[in-house]
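Hi,

Here is the structure I promised to pass on. Have a look at it first, and then read my notes on the aromatic rings below.

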Amino acid sequence: MKLKSDIKSFIFISLLLPAVAIGQNKVLTLSDAIEIAQAQSYDAMAARLNFMSQYWSHRSYKAELLPSINLSGGLMEFDRSMVQTRDYESGQIYYVENNTLSNSLSLSINQNIAPLGGTLSVQSYLHRLDQFSYGNRLYNSRPIRLSYTQPLFAFNRLKWLKKTEPLKYDMAKRSYLEAMEGVGIEVVNLFFNVLSAQSHLRQAENNLKDRRSLLEIANKRFGIGTITKSELLQLELSVLNAEVEVGDNKLYLCNNLFSLLSYLRIPSDLDVTLISPYTITDIMMIEDDVIERALNNSSHNLQQKVSILESEQSVAQAKGSRGLQMQIHSQLGFDKSGDSFSDAYHGMRDNEIVGLTFSFPIFDWGMGRGRVKMAEADLEANKVRLQQAHDKYLQDLATDVQSFNTQTVQCKNALKAQDIANERYDITKRRFEAGTATVTDLNTAWQESENARAQYVRLLQSYWSTYYSLRKFTLYDWVNNRDLDADFETLINR
């Protein structure tokens with residue numbers, strides 16, 4: 001299911017809030033609550049910010065592959081100081097006054113060569129030096145200079161970024177969708193906590209009402225001697241306990257409702273009645289189908305690939321920084337110095353520089369070799385950890401599928417059990433009113449009815465929690481039979 005836009009959710013909220021002002025009660029379904037949470041909960045905001053962080057990281061990586069234009073220089077650099085100078089004939093050192101003003105400007109275009117790991121640069125440079133002590137001015141220009149630097153046998157960072165960054169960005173999209181489904185799972189738990197509290201409160205209030213009614217009947221029966229004093233006292237005690245239970249359940253409901261509304265970031269004083277999704281789907285999931293969709297859609301496989309690539313990158317970096325380090329550098333261009341601006345650009349002289357620099361550790365006590373071995377060991381250990389995590393991932397998927405398919409039947413049976421327990425309690429209650437059932441029989445039937453109702457709500461919560469967990473695993477809407485998606489362009493441009 002494609003995630004709904006934030007606008008729809010805010011429209012829902014805007015329609016919901018005016019009703020509070022006039023004291024109307026509003027209903028909230030599970031799908032409504034999930035939609036609101038995915039639009040404005042703090043977890044949803046964090047998911048969007050995490051995605052945007054990875055998006056800008058991806059943008060920065062792509063920018064490194066494009067030419068960059070840089071303007072630099074130094075303006076109005078005034079220097080009045082004593083500087084050291086040497087007489088080249090006698091070797092004697094003197095201190096003379098320096099009184100200069102320097103201005104420089106440089107324009108460069110740089111391009112990283114990702115396959116090779118080198119850098120190509122085109123530069124233009126102009127420098128002006130005013131020497132006030134001598135009353136002269138000097139210009140130095142380099143209209144164009146082409147330079148290239150190429151490391152040999154070194155670690156190529158951009159080459160590895162081209163492998164990992166596209167995967168990380170794709171993983172960020174899937175992680176965002178999974179985070180939104182995680183919001184749905186949290187809402188399911190909070191939503192059913194409130195439903196359970198509402199159910200307990202309704203039952204406690206009904207029970208209190210029944211107990212008071214039954215106590216009146218018991219007083220009449222005690223007057224004619226059909227029940228004992230002990231049974232009468234037992235009913236009086238049950239009335240007091242029912243009153244305490246009503247108070248406890250009111251507090252429990254307030255706390256759970258506050259937790260839900262706070263998570264949804266809507267006013268905590270909103271008068272809300274939750275509508276339980278009592279109808280469950282008839283979906284029966286096939287384990288192989290779920291696993292296939294999970295491996296194709298979720299971020300799991302991408303996380304594994306990125307983790308292996310990053311470990312292999314560490315090995316390559318350790319090997320690249322070990323032993324002989326060589327770098328070729330070359331420059332080709334023109335330059336000229338003159339007393340005037342025009343002289344600095346006439347009669348240009350060409351200049352070429354080509355060189356090879358190297359560094360070789362003759363003896364490093366095995367430090368370079370140790371770093372390589374450590375990186376290789378980390379790679380193998382990471383492979384083992386990832387394989388273990390993959391096996392657990394598949395096991396969790398299989399367990400959730402089996403649990404979901406079982407819960408479908410259990411929910412239907414629990415609903416039947418609830419109806420049977422309610423009917424039995426009604427029959428026992430009428431028998432007690434007729435004098436053919438004891439207080440113990442009545443309490444037993446009531447407890448069975450309560451247990452059946454609590455069991456149904458608990459199984460219903462487990463059913464929907466497992467369903468949304470499988471949605472998160474597979475990024476697939478099993479009701480509408482389509483992959484989950486989001487409008488990432490809108491998300492980026494917000």
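Which charged end sits over the ring of tryptophan 160? That would be lysine 163, placed 4.2 Å from the ring centre. Arginine 293 does something along those lines too: its charged end sits over the ring of tyrosine 476, 3.9 Å from the centre. Do keep in mind that this is a predicted model.

Now for rings paired with rings. Counting pairs whose centres lie within 6.5 Å, I get 17 aromatic pairs. Take tyrosine 176 and phenylalanine 488: their centres are 5.8 Å apart and their planes meet at 65 degrees, so this pair is edge-to-face, since the label applies to planes over 60 degrees apart. Tyrosine 176 belongs to helix H4 (residues 157–224) and phenylalanine 488 to helix H10 (residues 488–493), so the pair ties together parts that are 312 residues apart in sequence. Tyrosine 176 is buried, at 7% relative accessible area, and phenylalanine 488 counts as buried at 11%.

Another one to look up is phenylalanine 404 with tyrosine 467. This pair is tilted, with 6.1 Å from centre to centre and 35 degrees between the planes. Phenylalanine 404 sits in helix H8 (residues 367–434) and tyrosine 467 in helix H9 (residues 439–474), so here the linked parts are 63 residues apart in sequence. Both phenylalanine 404 and tyrosine 467 are buried.

Last, go back to Tyr176 and Phe488: ring pairs link them with Phe51, Tyr55, Trp56 and Tyr169 into a cluster.

Cheers

Technical notes
Residues are numbered from 1 along each chain as its sequence is written. This is a predicted model: local features need pLDDT of at least 70, side-chain atom pairs count only at pLDDT 80 or more; totals for chains, interfaces and linings use all residues. Side-chain values use heavy atoms; hydrogens and water are left out. Rings of Phe, Tyr and Trp (its six-membered ring) pair if their centres lie within 6.5 Å; planes under 30 degrees apart count as stacked, over 60 as edge-to-face and the rest as tilted. Helices (H or I, at least four residues) and strands (E, at least two) are DSSP runs, numbered from the N terminus. Buried means under 20% relative accessible area, exposed over 50%, partly exposed in between (1.4 Å probe, protein chains only). A charge sits over a ring if NZ of Lys or CZ of Arg is within 6 Å of the ring centre and within 35 degrees of the ring normal.
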